[in-house]
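Please look at the chain below and read through it slowly before going on.

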Amino acid sequence: KTHLTKDIVLKAPFVSSPMDTVSESAMAIAMALMGGIGIIHSNMDADVQAAEVRKVKKYEQGFILEPVVVGPDCTVADILTLKERCGFSGFPVTDSGSIGGKLLGMISSRDIDLVPQSQRSRSVTAFMTRELVTAKSGLQLLHANQIMQASRKGKLPIVNENGNLVSLIARADLKKNREFPLATKDDKKQLRVGAAIGTREADKERLAKIAAAGVDVVVLDSSQGNSIYQVNMIKHIVETYPSIQIIAGNV
């Protein structure tokens, strides 16, 4: 075990750098699952950085939070192109064509494999499966697995109380899932994640947003550890967000 900070312990002594070519939510999730931690870079809008932090904190193993979704204006030809590009053929159909939209159905190869060339310009709504087995958001992965087993479906859409799509579970992913005993988690069993900020006055607003998203540790991305700006930012973090850990110095 390695102490990253006084309160954050890593079971694998690895931290991903807050560089825009290295650490965003995907890397941070992978690092935390393997016992390390990722530091989300700040070379992006503050709201976007906060959203990246939130993705890590809300990550649940086995749940696809950003599935490929199509809308009612999507054609059969579009689905065949997506199948070639993505390597799989089952897609949720929502009214908005994106996650968060009202779930209308599911479209897969079995729905369109026999559609003749002359009909491939038609909307997926003419062929999609409308009678779906779904599950409500908030359920545990084990329960979702049981629902999929009973229904013998390849994909299980997760919807909220309004019928809006919030995530998806795929049978193929469940088969590949494994436990991560070294995962770096907080007291709420959520993955831990860090984020970088600067030392300017404007970074206090960025700090507020990533703090609201649940960031565990803040890295002051500065080349001069003894500057008055860094000292003042450390004081601000300690006074305003006492539960957030700080890494400072010549970063």
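How many helices and how many strands does the protein chain have? In this predicted model, the protein chain has eight helices and twelve strands. If we take the contacts between residues at least 6 apart in sequence, 56% of them join residues that are at least 24 apart.

The largest nonpolar core has 24 residues, and the members that touch the most other members are Val53, Ile197, Ile210 and Val218. Several elements each supply at least two residues of this core, namely helix 1 (25–33), helix 2 (46–57), strand 10 (194–197), helix 7 (203–213), strand 11 (217–220) and helix 8 (228–240).

The next step is to see how helices lie against one another. Two packed helices are described by the angle between their axes and by the distance between those axes. For helix 1 and helix 2, the axes come within 9 Å and cross at roughly 30°; because angles under 35 degrees count as roughly parallel, these two helices are roughly parallel to each other. Helix 1 passes helix 2 in a right-handed crossing, and the contact is made by Ser25, Ala28 and Ile29 on the side of helix 1 and by Glu52, Lys55 and Val56 on the side of helix 2. Sorted by class, this contact has three nonpolar, one polar and two charged residues.

Helix 2 also packs with helix 7, and here the axes come within 8 Å and cross at roughly 20°, so that helix 2 and helix 7 are likewise roughly parallel to each other. Their crossing is right-handed. From helix 2 the contact takes Ala46, Asp47, Gln49, Ala50, Val53, Arg54 and Lys57, while helix 7 brings Arg206, Lys209, Ile210 and Ala213. The residues of this contact divide into five nonpolar, one polar and five charged. Val53 and Ile210, which take part in this contact, are also among the core residues that touch the most other members.

Note on methods
Residues numbered from 1 in each chain as written. Predicted model: local features only at pLDDT ≥ 70, side-chain atom pairs only at ≥ 80, totals over all residues. Heavy atoms only, no water. Core = buried A, V, L, I, M, F, W, Y, C linked by side-chain atoms within 4.5 Å. Buried < 20%, exposed > 50% of the residue type's maximum accessible area, 1.4 Å probe, protein only. Helix = DSSP H or I, 4+ residues; strand = E, 2+ residues; numbered from the N terminus. Axes fitted to C-alpha atoms, helices over the stretch in contact; angles between N-to-C directions. Parallel < 35°, antiparallel > 145°, perpendicular 65-115°, else oblique. Left-handed = near helix turned anticlockwise from the far one by under 90°. Contact = heavy atoms within 4.5 Å. Nonpolar A, V, L, I, M, F, W, Y, C, P; charged D, E, K, R; others polar.
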